[in-house]
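Here is a short report on the model shown below. Have the viewer open and follow along from heading to heading.

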Amino acid sequence: MVQVRCGENGEPAAFVLGQTTYGPLWVEDAWSYREPWWQTDGGGRRQIYRVRSKAGHLFDLCKMPEGDWRISRLFD
Amino acid sequence: MATHLHLHGPFSHLDGASSAAKLAARAASLGQKALAITDHNSLSGIGEFAKACAQSGVRPIIGAEVTVANPSGAPCHLTLLAPDQTGYRHLSQLISAAHLERPRGQPMASQEALAAHAPYLIGLSGCRRGEVASHLLAGRWNQAEEAASRLMGLFGRGRFFLEQEVCRLPGDRPLQRATRDLGQRLRLKRVATSNVHYADAPDFWLHDLLTCIQTRSRVDDLAPGRPMNDWQFVQSEADMVRGLSDDPDAVAMTDRVADMCEMALPDASQQFPAFPLPPGVSSARTYLRQLTEQGATWRYGQIGSRLRQRIDEELSVIDQTQFTDYMLAVAEIAGWARKTKIRTSGRGSAADSVVAYCLGLTDIDALARDLPFARFLSLGRTDPPDVDLDFDADRREEVAAHVVQRYGQDHVAAVATYVRLEGRMAIREIGKALGLPAAELDAIAKRIPYYVGADGLRDALSRVPELRQMKVETGRIETLLQAAERLADWPRHLGTHLGGLVVTACPVAEVMPLQMAAKGTVLGQFDKRDCEAFGLIKIDLLHLRTLSAVDEAITVSQVPWETIPDDDPSTFRRLRRAETVGAFQLESPAQRALHRRMKGDRLEDVIAATALIRPGPIKGDMVAPFVRRRLGKEAVTYPAPGLEDVLGRTYGVVVYQEQVLEIAVRVAGFTPAEADRLRRTMSRARSKAEMQSLGDVFCARAAERGVERKAAEEIWQTLLGYASYGFAEGHAAAFGLIGYRTLYLLEHHSAVWYAALLNHQPMGYYPPQTLITEARRRGIQVRLPDVNRSEPTWTIQDGALSCGLLQVRGMGTKEAELVLANRPYRTVWDLVEKSRLLPAALRQLVLAGALDGLVPNRRQALWQVEGQAAMADLADFTPERRLSQEMAALGLAVSAHPLSFFRAQLEQAGVLRTDQALCAPHRMQVAVAGVLVRPHRPPTRSGERVVFLCLEDERGLCDVTVPEAVYRQDADAIFGPDAWMVVVEGTVREVGTGASLDAERVMALTAYLNRSSVLEPLGG
């Protein structure tokens, strides 16, 4: 779980990981992924944002179908 | 408001998951004013799309996503829109080029074809498979720029746009930025699209499922090409802007592009080619009159005043409706066929025309029968007339080739059929994509009745007994059923119409895209309804195998077909005995049951019978009153005064379509065109509300003419009973005449006729085995093939029906010629040496009994064809094994009937032969054994599931009715995978001069006798 603050356009503007706040964020790419609809518990939509922090680090932030955020991938 | 300019509907075949109606409704709900259709290399969907858009108040834009050869890589996609009708013509030609330049591969337009048509079109650079986007995604900036510049040059500045996809896929944002930058550099505008494949996100799963079917993968597989998210729908403007934050102006640009496009549907009206006139003839009208009058003299001897008046009236309507050239064209085709000795016969509503009769298009004298011309053509009718010409099936392609040769390949194309997803196909295809076992799917599909639609599967699974008994996995079956319900009637692929050809004055490709059909003919992308809607005139050149059989039979028997007497007493005696197996249109169990009761003794009875056994008269319960009145057992009454001359010939019962028309004209004052529209609407109407609304109009119009409300309603109820498929009288007369004449051949030249029928299979109601049984029952000897005597086809030798060599599995024309060329053969070695047939063919000949004349012991013969010496002490196969092998080699049981091996045991068990059962007293309890012939479950008005079948044994046929309760109990014996020979216990029911059986139990024969058999069903 990660705390994400979104801008007016609904995209991540900053996030807090542990004691550190990363932001402002530059959205390099954004896409969504649909979970398997044919499975009993499937069908949700994940929204993924590839963001670059002010310090130049790359993160993949994933908004889960339930609405909570995760860092699904980290580049350094 | 955004406009979606890149959209796939159902005619993107497995790449569009929402109906045109749903797509248009979604756009309308978002306030979008226009919507484009851009199916893959196809315009088949534009008719449905335009109609759906009109209903939703959205302006349709016609386009296509065309695959184009890529100078620097894999074929690429380009989104093309037709700004106007000129653009439409070019788009249609470009799609045709894409298909016809690669008749066997995936369609792909060349750069040259694109260059020729692009100036008349609006181009969008396409999806990720577009040339520009694919370069940008790969980081090939220079090549992207070069491609964009080249395309801009082809389309012209202001008519080519870079496509900004908003599909929320990985790499979207960098691609959008690169596209924006490229556009700014080249001063090229961008337009946003979401590459729509379904109306709204909840339909995503259907698109994914269709993609699995298309890519032959299963939902559990990771297959390339499957969509990863659910954003390819008709998005709102706000969603588009959110997904394209780096280039939001591209969203607004969509409306400006939409404004550049007007509705560009094809208009082929007046496009039928002018008929080339002979020298000295001033006009087509004059020429048609000349030909008609010549024909009238041929048909009638002289032209009396009544005939003259009728011809004048018909020619006037033909002229005013501008079908003169069409009539001349079909007359020329029929005339050419006759000159070329190709047997032809006209049917359909053309038989209501005296002009058609005089031109030799039909053999029905519409004047003598007083048939209304309005059923064929009338002023005010918008649909084209229907001249159905049947040709000898073996030579129909020659006729089509003549049409192509006369009008030019560019002006002729076959009409398409939209092959749609029905019940059995849905089970197999959707089930496979869901990962269900193929064997299980096959077992279910085989048991689904043919008429069950994809949306009727749930009901079928719960109600069809043999399906209910199957243990099917419920989880994914439920998903399958949901998908089938949503995708019912979805266009799966294009097929070729049985005989429809369109002929146009301009090149056909300007009106509809062309592609190659599987058998190598040029196929248009519109089906007959779309052809009609867009003004294309269709000529129906159909093939009728019966005519091929007739041609063969009259050549052999030297019977003059046209002068067969229509009052032959022995032919009518056969009809009354209902011994009609093999007669065209008169052989089905329903027809035979009717003739037993009706006791027909004139051609008119045959014609009426042809029309009576149709859904309209059957569902309208018109058969029984007709028979009672025909026999004088019920008084003849009429639904209203003044209809005696309309319904007199059918004893006051509505049997023919013309009668519906005439009643509407007389009672409610409809014009002929209105009456025909009423007939068409009635036959297509599905809902009670629609029928009620029609009835209200009919009664109101009748009231205006002074008919009392109650009387008008009663008449409407009479017509309502007919509200389903029925025959035009002219059509029934044409078919009835052929039916009667084939019955004459069956009566007087039976062996010749059976041989002709067997040589032109598949045709008729019964399988060839039943014809063999019938021939034998009539005392005709049926012989096995013989390498020293047989011809390639079935022939008559010494009065016997002799099996042809081509009937033997593995024997083709070449093999048969080898056998014939090297006769006679004295030994098996002789045959092997001289014919040089391959061992496989020789083995099949042995098993078929074709070497019995050389070596009666087939086991020994098998050794000899393998090159082994004869072994005197080697015993032959058992008789049952011999028949089993013969059936496998011939597809027929010729030397004996399979039942004969069980007869002794059946007699011991008290089981009757079919001929014994048919002679048994009414209501007697009997058990009868036989081979199942054509068990079927026709849809009934009551919804009750009754099975009709025939039992066939050594002595003939017995018709059996299986009520729903018995069907539920014994479904597996009738429709199960091993269903073949059965014993039916039941009650004899007398029907007129014959009888049938009401089943109370149906059991597999082997189970009934508790014994096994080496015999297997044909084709099993």
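This is a predicted model: local features need pLDDT of at least 70, side-chain atom pairs count only at pLDDT 80 or more; totals for chains, interfaces and linings use all residues.

Strands β17 (residues 925–936) and β18 (residues 947–953) of chain B pair in the antiparallel sense over four bridges. Strands here are DSSP E runs of at least two residues, helices are H or I runs of at least four, and both are numbered from the N terminus; two strands count as paired if DSSP finds at least two bridges between them. Within this pair, H936(B) sits opposite F948(B) in β18(B). Helix α25 (residues 589–598) of chain B packs on the sheet, where it touches β18, β19 (956–962), β20 (981–991) and β21 (994–1004) of chain B. The direction of α25 makes about 30° with that of β20(B). Helix α36 (residues 768–777) of chain B packs on the sheet too, touching β17, β18 and β19 of chain B, and its direction makes about 130° with that of β19(B). Contact means C-beta atoms, placed from the backbone, within 7 Å. Angles run from 0 to 180 degrees between N-to-C directions, using lines fitted to C-alpha atoms, for helices over the stretch in contact.

Zoom out and you get a closed barrel of five strands, β17-β18-β19-β21-β20 (chain B), with mixed pairing. On average, neighbouring strands of this sheet are turned by 55° against each other, direction ignored.

Residues are numbered from 1 along each chain as its sequence is written, and chains are lettered from A and ligands numbered from 1 in the order in which they are written. The model scores ipTM 0.95 and pTM 0.88. Chain B averages a pLDDT (the predictor's confidence in each residue, from 0 to 100) of 91, and 97% of its residues score at least 70.

## Buried strands

Now for β13 (residues 538–544) of chain B. Seven of the seven residues of β13(B) are buried, so the strand is largely enclosed by the rest of the structure. Buried means 20 or more other C-beta atoms within 10 Å of a residue's own, exposed means 12 or fewer, and partly exposed is in between, with C-beta atoms placed from the backbone. Both faces are covered: K538(B), D540(B), L542(B) and L544(B) lie on one side, with I539(B), L541(B) and H543(B) on the other.

On the pairing side, β13(B) runs parallel to β8(B) over five bridges, with F391(B) partnering H543(B) and D392(B) opposite L544(B). Strand β10 (residues 491–503) of chain B pairs with β13(B) in the antiparallel sense over three bridges, and G500(B) is bridged to D540(B). As for β8 (residues 388–392), five of its five residues are buried. It also pairs with β7 (residues 344–347) of chain B, antiparallel over four bridges, including S345(B) with D390(B).

## Cores and the chain contact

The largest nonpolar core has 320 residues, and L35(B), V330(B) and I974(B) touch the most other members. A core is a set of buried Ala, Val, Leu, Ile, Met, Phe, Trp, Tyr and Cys residues joined through C-beta atoms within 7 Å. Helix α34 (residues 729–748) of chain B gives the most, with eleven residues.

The contact between the chains takes 18 residues from chain B and 13 residues from chain A.

Methods. Two residues are in contact if their C-beta atoms, placed from the backbone, lie within 7 Å.
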